[in-house]
Amino acid sequence: MDKKLTSNYIYSVIYQLLIVVTPFITTPYLTRVMGLTVLSINDFTGNLIQWFVLFGIMGVNIYGNREIARVRDDKKLLSKTFFEIFSMQFLSMLLSSFAFVIFLVAFKTDYINILLIQGITLLSVSLDITWFFYGVEDFKKASIRNMIVKIVNVCLILILIKGPNDLEKFVYLNTILGVCGQFIMWLQLKQYISFEKISLKGVLKHIKPNLTLFIPQIAISVYSLLDITMLGYLYNSIDHVNLYRQSQQFVKMFLFFITSLGSVMLPRVANVFVKGDMDSINNYLNKTFKIALYLSIPMIFGIFGVIQNFINWFLPPEYAQAGLLIKCAAPIILFISLSNVFGTQYMVPVGDFKKYTISVISGAIINFCINYTLIPSYGAYGAIIGSVAAEFAVTLIQWIYVKDKLKVSIEIKELFLVVFSSLVMGLVTYFTGVLLGSSFIVNLIQIGFGGLTYLIILYLFKASLLMEVLQRFKKGSLENGNA
């Protein structure tokens, strides 16, 4: 990968790493200070707001990213395209906000005050232009903005939130900081664009292609949003909402390396595809495909080895069953990693929306059916099973569609080596925990021993991707030394 791709990936990873690290500070504090039920109310109301965000923002995050990437070399066209897409986004979010007000009037709920505060999120999303900076491949500004907001948010939570009665204060804090973060992005925009007059026709022309992306986004949301909505309405205990969210959040935080690659690769593949350079696309994605396997497989085995020890000290006793939920959800890491390569990094940027839509709708249908069948009896466990089945279906269908177009592969011998190394690593982490018990230090030792075991085995058997990384690192060190 070239220097700009590498730089963008590093900034994206740093921010995603911050997202991973901050729950290690806030989650133990909030679960003990606010409690399972109060946090479940926050998750449930926030989830309801996300439906209005979904229908308001439509597919702008991906569509805007792609369209800006296509015109970024022409400043006048870039400026015009930006204002057209943003105007469409703002008007759409305005309509969604009206729909939210109607929802509050029509459907009585015990959480009306919390929902009203959560509604500030709609303003934040209407002003969000992160897609522009991703499109021009300036991940630095977006990442730094996000990191500042995240750090301030953590500090204020620790200072201001003291008990279950602070739920409204907690929601205000999260939503208002989101709005402040958007204003920072607008201040950074002026170096890229100039004001260009736009027409209503120019705004409207973006609706149809944006809706094309919106259809798969709806389907994806059936298993990213509907799980919590269905848990809140179908199961007899709202506590399972936060149990489910904590388990999903823990599993998906391991995906930050892969999702960061997806964010970086989407505008690059879109730009290269316009030039008709399929060889470069295959070269880029063959690397990210291997990275996905080299990272996701050991993550799954590592979770099985570490998780129960981690849960025992990290969360209060009422979260004890979260460990089993996380183990059940662990395969999602592999499925999302691969679908990120097939779907986000290839099908979306090259415009293969029809097949992409079919894949996610298929997953959504499977997810809904399993949820409806299992959630009333099994709560969060039923939702987890539905999510795993849905992600597997999406990945399988996308692979069937792209296998003849996208030349990505890994040798059976190399794949076996990754699996074998991961299995040994998982056993090392598990028995280390059995011998030493449950504590933060023990988890660090488990992760250190496990990671070292995985890398040593890969090195001893000369795993190709690891050797390539080491050679690049060695070459870079020599060049810097000679300079």
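# Charges, core and surface

Visitor: How many salt bridges does the count come to?

Guide: Side chains of opposite charge can pair when their charged atoms come close. Here, a salt bridge is a side-chain nitrogen of Lys or Arg within 4 Å of a carboxyl oxygen of Asp or Glu. By this rule the count comes to eight.

Visitor: What kind of model is this?

Guide: Residues are numbered from 1 along each chain as its sequence is written, and side-chain values use heavy atoms, with hydrogens and water left out. Local features need pLDDT of at least 70, side-chain atom pairs count only at pLDDT 80 or more, totals for chains, interfaces and linings use all residues, and what you're looking at is a predicted model.

Visitor: Which helices hold lysine 290 and glutamate 414?

Guide: The side chains of these two, lysine 290 and glutamate 414, meet in a salt bridge at 3.7 Å, N to O. Helices (H or I, at least four residues) and strands (E, at least two) are DSSP runs, numbered from the N terminus. The pair ties together parts that are 124 residues apart in sequence, because lysine 290 lies in helix H15 and glutamate 414 in helix H20.

Visitor: Is glutamate 414 buried or exposed?

Guide: Buried means under 20% relative accessible area, exposed over 50%, and partly exposed in between (1.4 Å probe, protein chains only). Glutamate 414 has a relative accessibility of 9%, so it counts as buried.

Visitor: And lysine 169: which residue does it form a salt bridge with?

Guide: Lysine 169 is partly exposed, at 39% relative accessibility. The closest N and O atoms are 3.7 Å apart, and the partner of lysine 169 is aspartate 166.

Visitor: How does aspartate 404 count, buried or exposed?

Guide: Aspartate 404 and lysine 403 meet through their side chains in a salt bridge (3.8 Å, N to O). Lysine 403 is partly exposed, with 36% relative accessible area. Aspartate 404 comes in at 58%, so it counts as exposed.

Visitor: Which residues are linked in a network of salt bridges?

Guide: We've looked at pairs, such as lysine 169 with aspartate 166. In the network, the linked residues are Arg66, Glu67 and Arg70.

Visitor: Let's head inside. Which residues touch the most other members of the largest nonpolar core?

Guide: In soluble globular proteins, nonpolar side chains tend to be buried together. A nonpolar core is a set of buried Ala, Val, Leu, Ile, Met, Phe, Trp, Tyr and Cys residues joined through side-chain atoms within 4.5 Å. The largest one here has 129 residues, and those touching the most other members are Phe82, Trp131 and Phe132. Helix H15 (residues 278–314) gives the most to this core, 15 residues, but the three names you asked for are Phe82, Trp131 and Phe132.

Visitor: Which residues is serine 40 in contact with, leaving aside its neighbours within four places in sequence?

Guide: Serine 40 sits in helix H2 (residues 36–57). With a relative accessible area of 0%, serine 40 is buried. Contact means heavy atoms within 4.5 Å. Leaving aside neighbours within four places in sequence, serine 40 touches Ile238, Asp239, Val241 and Asn242.

Visitor: How many disulfides does a search of the whole structure find?

Guide: A disulfide is a covalent bond between the sulfur atoms of two cysteines. The rule used here is a pair of cysteine sulfur atoms within 2.5 Å. Cysteine 328 is partly exposed at 36%, and cysteine 369 is partly exposed at 43%. Across the whole structure, the number of disulfides found is zero.
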